[in-house]
Amino acid sequence: MRRTRFGRTTRPRKVGVASNARPQATTHGSRRSAWRATRAKALAAPVRFALPSPSGVVPSSRRRRRELPSWRPLAMSAAVLSPVRHIIHAVATTVVPETASFEAHAWAELDGAIEGTVAQRDEGVRRQLVTFLRLLQMLPIARYGRTFTALSARRRHAVLETLERSPSLAVRRGFWGIRTLIFMAYYTRPDVVDRLGYRAIARGWAGRAELAGSEAHTARVAAER
Amino acid sequence: MIAEREYDIVIVGSGAGGGTVAQELGELARAGVRILVIERGPRLLDHEFTGREMEMASALYEDGGAFLTADGTMTLAFARAYGGSTVVCTGTSLIPPERVIERWHVAGLSHDDLERRARKYMMQNNVHALTADLINDNNRLFVEGCRRSGWEARQFPLNVKGCRGSGLCNLGCPNAAKMGTHRVQLPNAESQGVEVVTRAEALQVADRLVTVRVSEKRDGEQGLPSEWVPGMYHVRAGIVVLAGGALGTSALILRSPIARAIPRVGTRFTCHPAQIVVAEHERPITNDVGHPKSFYLDRAAEERFVLETCMYFPFVTAKSMTGFGEDHARFMRAFPRLQMILVLACDRATPRNHVTVNAAGRPVVHYTFTRETVDALVRGTRAAARIMFAAGAVRVHAPTADPPLIERREAPYVDARIDARHFLPGRVSVTAAHLMGGCVMGPPHSAVTDSFGRVHGIPWMRVADASLFPDALEINPYLTIMALADRVAEGIRADAGTLLRGTGSLGRARSETPAAVPL
């Protein structure tokens, strides 16, 4: 452990981020056991939030931590959802059946809304989403002999219900996440909100009275015709 | 490069706590004491409250309203804006319950004192009950359903002035009618000489020093640019008041070197976990017009739940209901006929529920639903369903029923249909907006602050937000936060002479005022 000029000890911020966090093989256990021990210790340690030093000089210890190890993958952009877009569409038509009548531009808008939201999340969340969707695509093969996108609507519903009730919290969360994204992209569409009959406006009661008067007038005109 | 700034008093956060402290220290500002409020969020202009769901959620809420607990089973909703969460709350203003304050058992804290202070802010914020002509069907059906079920619903006092019934409170009032700190306390403070800097995030707090990062306004973003030039700042002050909310204040301390000197920060977190029960009626009702939250049923003492009327927007409603597919979509298509009730469980502080920070210094909330909390949600959901059927609902969607849709003919079997065994975290949606605890009041050996928000062992640091709460308050915390912040300000006024000696206006030469950012 080294002390920086601000009294903080230097510790690996994330296990595996810096090459100097890797433990050496010990005589008392495997390399994996030592690695697990180091990880547990690092996770249990209080985290220090790194700031640039007032002088602008970066202490050598922090310079080392900023170097990415060679095994760290490149950052993922939101466009990574392109390969799983067909799976998202299949999930969407099951979660919100009305999307089955979407035309191309509506699908493009749904994709844009989902990708825009996902782009604001960190890389780990985006990666989890893609992995979940790829696993979902393969999951039905064991039971139905087909991928998710090749299933009928009824079987897709059954597969998703199984995920929703899975004994694994990670699986339930994964489904809840994609379900929420689809609900967000669909139920915030102005045409959908209008079709639902949700009409909250800033003018409140006065606006509702105006609207009622306008609708009554429209109905009268239609009746006269 | 880091710019240096010097003040006498720095307040981190501009919500119910920070805004109140800023106003109450206005007399010091008039006397020449230099006071700064640091707010992470933007300052929105009146016309920027558009009422559009996604736009306002992104502009006002942390993580767009999608901040999740560590295991992803609960959504925490809190704002970051000039005015804090008072910009997006529904303005319900209740005096803290005497039984809760007594149970907190904090030396020097009495219910009478809190009530007296709370009533002062009820006057300031124009708190009153709406007249009958402004109550919509969603609320009226709740009152009628309670009456037929043998309960008496109470009306919420609200901090509104000129409410037009837009129903858009949770997205920021588009009519400037909500009397949050952004409309009352902060303007009062600024008129007395308190300075406010927005888009400024407090990164760390050290010995009378706050490190601040000021961000620039991005293209297309709402709100004004920061009052300071974007960049890094060291802000020195004789007194530092932390009022960033239960998560903000706890995280700020935990990621700072000073955390070593303050044990127990982040512990005793509570949040009133909540679920929405939705009912369908035969005919359209007024639900998307009128104040959404005008009545409540307080069963906290007897059954540890509170029911509140509520009305949410299409996306929030959809994601809050369990299930998917045609049944879910058919229920959503009945939107003009939907009645909603919010079920809040009065949870208790437990060792497993606490706040930490991740490697980036961001708050992480570890929350496990106890058996008692789940049972309270179930009892509340059953009560809500009975109330809705008594009011004439044809079917009720209950998250803790499987299948979640209960038809009217099943109303006698509500207790059997709604059961704790159907509470599956990650399947049912749970949300919380009353975030409490983390820097609790109490004695030095078991708490972080005293009853005036003074951090034990650190006389220059104060806490003035809901992180002071030793346990769940069992009602909306808005007014209680203001009453506690009033006490914190009183303590600062009493200690200012000692703590500010040799600083700012009481001795040391001050640095020049930074150049104003042209707006």
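## Exercises: holes, a sheet and a helical chain

The model has four cavities of 30 Å³ or more. Here a cavity is a set of points on a 1 Å grid over the protein atoms alone where a 1.4 Å probe fits but cannot get out. A volume is the space filled by probe spheres set on the points, with grid points joined across faces, edges and corners.

This is a predicted model, where local features need pLDDT of at least 70, side-chain atom pairs count only at pLDDT 80 or more, and totals for chains, interfaces and linings use all residues. Residues are numbered from 1 along each chain as its sequence is written, chains are lettered from A and ligands numbered from 1 in the order in which they are written, and side-chain values use heavy atoms, with hydrogens and water left out.

**Exercise 1. Describe the largest cavity and its lining.**

*Step 1.* Start with the space: about 100 Å³.

*Step 2.* The lining has 15 residues, and nearest the centre you'll find Val160(B), Cys163(B), Cys169(B), Cys173(B) and His291(B). A lining residue has an atom within 4 Å of a point.

*Step 3.* Sort that lining: six residues are nonpolar, seven polar and two charged. Ala, Val, Leu, Ile, Met, Phe, Trp, Tyr, Cys and Pro count as nonpolar, Asp, Glu, Lys and Arg as charged, and the others, Gly among them, as polar.

**Exercise 2. Work out the strand order of the five-stranded open sheet in chain B, and say what packs on it.**

*Step 1.* Go across the sheet: S9-S3-S2-S13-S25, with parallel pairing. Strands are DSSP runs (E, at least two residues), helices likewise (H or I, at least four), numbered from the N terminus; two strands pair if DSSP finds at least two bridges between them.

*Step 2.* Find the edges: S9 (195-197) and S25 (461-463) of chain B each pair on one side only.

*Step 3.* Zoom in on one pair. S2 (residues 9-12) and S3 (residues 35-38) of chain B share four bridges, and Val12(B) has Ile38(B) as its bridge partner in S3(B).

*Step 4.* H8 (residues 245-254) of chain B touches S2, S13 (239-242) and S25 of chain B. Contact means heavy atoms within 4.5 Å.

**Exercise 3. Sum up the secondary structure and burial of chain A.**

*Step 1.* Count the elements: ten helices and zero strands.

*Step 2.* Check burial: 36% of the 225 residues in chain A are buried, meaning under 20% relative accessible area (1.4 Å probe, protein chains only).

Technical notes
1 Å grid on protein atoms, 1.4 Å probe; cavity = no way out; pocket = protein on both sides within 12 Å on 5 of 7 lines; lining within 4 Å. Axes fitted to C-alpha atoms, helices over the stretch in contact; angles between N-to-C directions. Buried < 20%, exposed > 50% of the residue type's maximum accessible area, 1.4 Å probe, protein only.
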